[in-house]
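Me: Hi! Could you take a close look at one part of this model for me, the place where its domains meet?

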Amino acid sequence: MGDAATIAAAFGGRLPPGISGTNDRCTVLVSNLNPDKIDEDKLFNLFSLYGNIVRIKLLRSKPDHALIQMGDGFQAEFAVNFLKGALLFGKRLEVNYSKYPNITPGQDTHDYSNSNLNRFNRNAQKNYRYCCSPTKMIHLSTLPQEITEEEIVAHLELEEHGTVVGTKLFEANGKKQALVLFETEEQATEALVCKHATSIDGSIVRISFSQLQSL
């Protein structure tokens, strides 16, 4: 996990544009967050698209800042590359490498090192291949077999996440999955951070961005 060969294999033999593969800093500093709407789990849901999360710390002295320790330097570089400038809750995120090599465990630190929601413990190559900047389209997997498109929309389309433009329900490897298109990247990002790892009829739904342009 996290080595150049695995990542290059995921992208057809070469590293994706913007990724040097030389970064060894694991901790990133996120600023310009919306402190009224963000929390550690929402940051986990977004940043875990780009690597395993070790710890997250919201800075009390600067409520719109957070430190996020990724699994390795590659994964931190993916997060900085793909999330810098992303819109979330009305704010454009700043994502940079932190001067701190890691986050010290403490009462105000959330530890995710043993979370079974970390995506890169298995199928790392496939997960790297899905890394991209936020898009208008999200992909839902591990859905209940009997789910309908109406139920998916009802689960996602809270007022604050904007309008669902379209949905496509399909089956892959015998499992129900769905694509959901929003009006903007920001709306799709908010739906992902709020609804990833939530439950529909007992199934824990996994959400990621899709690179498909249309349904």
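How many residue pairs are in polar contact between domain 1 and domain 2?

Reply: Happy to! This is a predicted model, where local features need pLDDT of at least 70 and side-chain atom pairs count only at pLDDT 80 or more, while totals for chains, interfaces and linings use all residues. Residues are numbered from 1 along each chain as its sequence is written, and side-chain values use heavy atoms, with hydrogens and water left out.

Between domain 1 and domain 2 there are six residue pairs in polar contact, both residues at pLDDT 80 or more; such a contact is a pair of N or O atoms within 3.5 Å, where within protein one must be able to donate a hydrogen and the other to accept it, and residues adjacent in sequence count only if both atoms are side-chain atoms. On the side of domain 1 that touches domain 2, helix 2 (40–47) and strand 4 (87–88) each give two or more residues, and helix 2 gives the most, with three. Both elements are DSSP runs numbered from the N terminus (helices: H or I, at least four residues; strands: E, at least two).

The domain assignment, automatic or from a database, puts domain 1 at 2–130 and domain 2 at 137–209. Their centres, taken over C-alpha atoms, are 22 Å apart. In contact (heavy atoms within 4.5 Å) are 13 residues of domain 1 and twelve of domain 2. The two domains bury about 1,300 Å² between them, 60% of it on carbon and sulfur atoms; buried area is the accessible area (1.4 Å probe) lost on putting two parts together, summed over both.
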